[in-house]
Amino acid sequence: MSRIFSDVLQMSIVAAWMIPIVMVFRLLLKRAPKWVNLVLWGLVGNMIGNSAGNAFRADTLQSGTNFSNNISQTALDGSMGAAGSGMGGVFGITGSGMGAFGIGVWRIPERLLSIFTILWLAGVILFTGYAVYSYVRVRRQVAEAMWLRENLWICDEVKSPFILGLHKPKIYLSSSMDEAQYPYVIAHEQAHLKRGDQWWKPLGFLILAIHWFNPFVWAAYILFCSDLELACDESAVKKLNPQE
């Protein structure tokens with residue numbers, strides 16, 4: 001588990017320098033279409049994912065190297081006896097024997113890394129529990145929703161429109177909403193579905209849950225959610241006539 005947290009730290013280091021760059025680009029491109037910002041956040045997610053893949057491959061390669069070294073050392077010890085055992089103390093160094101894990105150019109003592117790993121895992125569990133609780137609570141709220149048409153539902157418990165579901169997402173509208181607003185609100189929510197935001201937003205939350213200790217990731221998630229809404233507003237407005 002400490003090795004996993006070590007990889008997560010490496011991903012967070014990537015995020016820590018890339019997210020501020022995207023923030024600067026957001027300011028420079030504030031007059032550009034809002035979907036451009038989403039592309040930038042997608043690049044951040046892709047870079048973090050690639051760093052995770054590279055870290056995993058590096059760990060696999062290191063494990064394979066250590067395994068080969070251990071086999072070679074065992075054969076060498078068997079043929080050289082005490083001399084071979086002495087050489088093993090010099091050359092047979094493994095990751096666990098070093099007493100620390102490398103994070104970039106830093107070294108974190110193994111005992112301290114174990115404490116950080118426990119705290120990190122506790123945070124991930126709390127985030128996961130919150131997500132499950134929120135989902136169950138929303139499902140209960142819309143249990144008595146009434147079907148309007150297609151994938152549209154109306155519910156008394158809904159305060160503001162939202163989408164629920166991944167495979168067959170449904171749009172839930174508040175029964176207290178003025179019906180004159182329906183076309184515009186539905187256009188906004190359908191823009192979300194067209195972009196697949198019912199997948200992208202949970203993915204963003206998953207990244208936040210894994211990197212909850214990184215303030216840059218918090219800022220990125222907040223801005224990402226804001227850009228997601230603005231991009232859908234922009235898409236919906238394009239379909240309206242000047243009077244609307």
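**Exercise 1.** Locate the one salt bridge that the structure holds, a salt bridge being a side-chain nitrogen of Lys or Arg within 4 Å of a carboxyl oxygen of Asp or Glu.

*Solution.* This is a predicted model, in which local features need pLDDT of at least 70, side-chain atom pairs count only at pLDDT 80 or more, and totals for chains, interfaces and linings use all residues. Residues are numbered from 1 along each chain as its sequence is written, and side-chain values use heavy atoms, with hydrogens and water left out.

Step 1. The partners are Arg-26 and Asp-227, whose side chains meet at 2.9 Å, N to O.

Step 2. Arg-26 belongs to helix H1 (residues 2–28) and Asp-227 to helix H7 (residues 215–237), so the pair ties together parts that are 201 residues apart in sequence. Helices are DSSP runs of H or I with at least four residues, strands are E runs of at least two, and both are numbered from the N terminus.

Step 3. Arg-26 and Asp-227 are both buried, meaning under 20% relative accessible area with a 1.4 Å probe, protein chains only.

**Exercise 2.** Describe the order of elements and the burial of the protein.

*Solution.* Step 1. The protein contains seven helices and six strands.

Step 2. Their order from the N terminus is α-α-α-β-β-α-β-β-β-β-α-α-α.

Step 3. Buried residues make up 34% of the 244 in the protein. Cys-232 is among the buried residues, with a relative accessible area of 0%; Cys-225, at 15%, also counts as buried.

Note on methods
Buried means under 20% relative accessible area, exposed over 50%, partly exposed in between (1.4 Å probe, protein chains only).
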